Amino acid sequence: MEKSTVQVARRDKLVYVQVRGRGSFQNAAHLKGFCDEMLKTGAEDFLIDLKECSYLDSTFLGILAGIGLKLRTAGHGLVEVIHASHRNAELIQNLGLDRLFRFHLKPPEFEGVSLEQLDGPATGRQQTGALMLQAHETLIKWDQQNATKFKDVVAYLREDLGQSVD
């Protein structure tokens, strides 16, 4: 099985996130926690490097969408995606996130900055389910067309978490 990691660095108000392997629900919680902390401490731009990313799932993309929406609400900053493969760019576009993210052809230089691997204890089943629900609801909030794609997932997660279904 392919080893998946998320590595990060920060320079001033710019946060660099490098996804290696799969960007999935398995590493989304750590990414969300890190990005939320960066937003609290004044980060304004997030550069997402997908050069070594083989796949993105909807939970991971929902977490990135949440960051983009927080930046948009704040009125400054953005999520920029670099080195997206054709498949990953297609996944982003199919969820309407190409209107929230900017695809960057010539990224800012990040040489000389040491990357830190995001990890920590595995999240529990309940916490993972809540994260997945939040991510999918974010995707629907961003683009109502995603509601038909994820209505069954959202209903299942709500039921599993004991939440009422609207």
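**Walking through the model**

Q: Is Val81 buried or exposed?
A: Val81 has 3% relative accessibility, so Val81 counts as buried. Keep in mind that this is a predicted model.

Q: Which strand holds Val81?
A: Val81 sits in strand β4, residues 78-82.

Q: What is Val81 in contact with, leaving aside neighbours within four places in sequence?
A: Ile48, Leu50, Ile92, Phe101, Arg102, Phe103 and His104.

Q: And how far apart in space are Val81 and Ala147?
A: They are 24 Å apart, C-alpha to C-alpha. In sequence, 66 residues separate Val81 from Ala147.

Q: Switching to the helices. At what angle do α1 and α2 cross?
A: Roughly 15 degrees. The axes of α1 (residues 25-40) and α2 (residues 58-74) come within 8 Å. Angles under 35 degrees count as roughly parallel, so α1 and α2 are roughly parallel to each other.

Q: Left-handed or right-handed crossing?
A: α1 passes α2 in a right-handed crossing.

Q: Which residues meet there?
A: From α1: Phe25, Asn27, Ala28, Leu31, Lys32, Cys35, Asp36 and Leu39. From α2: Thr59, Phe60, Ile63, Leu64, Ile67, Lys70 and Leu71. The residues of this contact divide into ten nonpolar, two polar and three charged.

Q: What about the largest nonpolar core, how many residues?
A: It has 43 residues. Leu31, Phe46 and Leu97 have the most contacts inside it. Helix α2 gives the most to this core, with eight residues.

Q: Which other core lies apart from it?
A: One of five residues, among them Ala9, Leu14, Leu47 and Ile82.

Q: Back to Phe46. What does Phe46 touch, not counting residues up to four places away in sequence?
A: Leu14, Val15, Cys35, Met38, Leu39, Ile67, Leu71, Leu78, Val79 and Glu80.

Q: Now backbone angles. What is phi of Asp12?
A: Near 55 degrees, a positive value in a residue other than glycine. Most residues other than glycine have a negative phi.

Q: Where does Asp12 lie?
A: Asp12 is in the loop between β1 (5-11) and β2 (14-23). Its relative accessibility is 65%, so Asp12 counts as exposed.

Q: And what is phi of His83?
A: Near 60 degrees, so to speak on the positive side, and His83 is a residue other than glycine. His83 is in the loop between β4 and α3 (86-94). With a relative accessible area of 38%, His83 is partly exposed.

Terms used
Residues numbered from 1 in each chain as written. Predicted model: local features only at pLDDT ≥ 70, side-chain atom pairs only at ≥ 80, totals over all residues. Heavy atoms only, no water. Axes fitted to C-alpha atoms, helices over the stretch in contact; angles between N-to-C directions. Helix = DSSP H or I, 4+ residues; strand = E, 2+ residues; numbered from the N terminus. Parallel < 35°, antiparallel > 145°, perpendicular 65-115°, else oblique. Left-handed = near helix turned anticlockwise from the far one by under 90°. Contact = heavy atoms within 4.5 Å. Nonpolar A, V, L, I, M, F, W, Y, C, P; charged D, E, K, R; others polar. Core = buried A, V, L, I, M, F, W, Y, C linked by side-chain atoms within 4.5 Å. Buried < 20%, exposed > 50% of the residue type's maximum accessible area, 1.4 Å probe, protein only.
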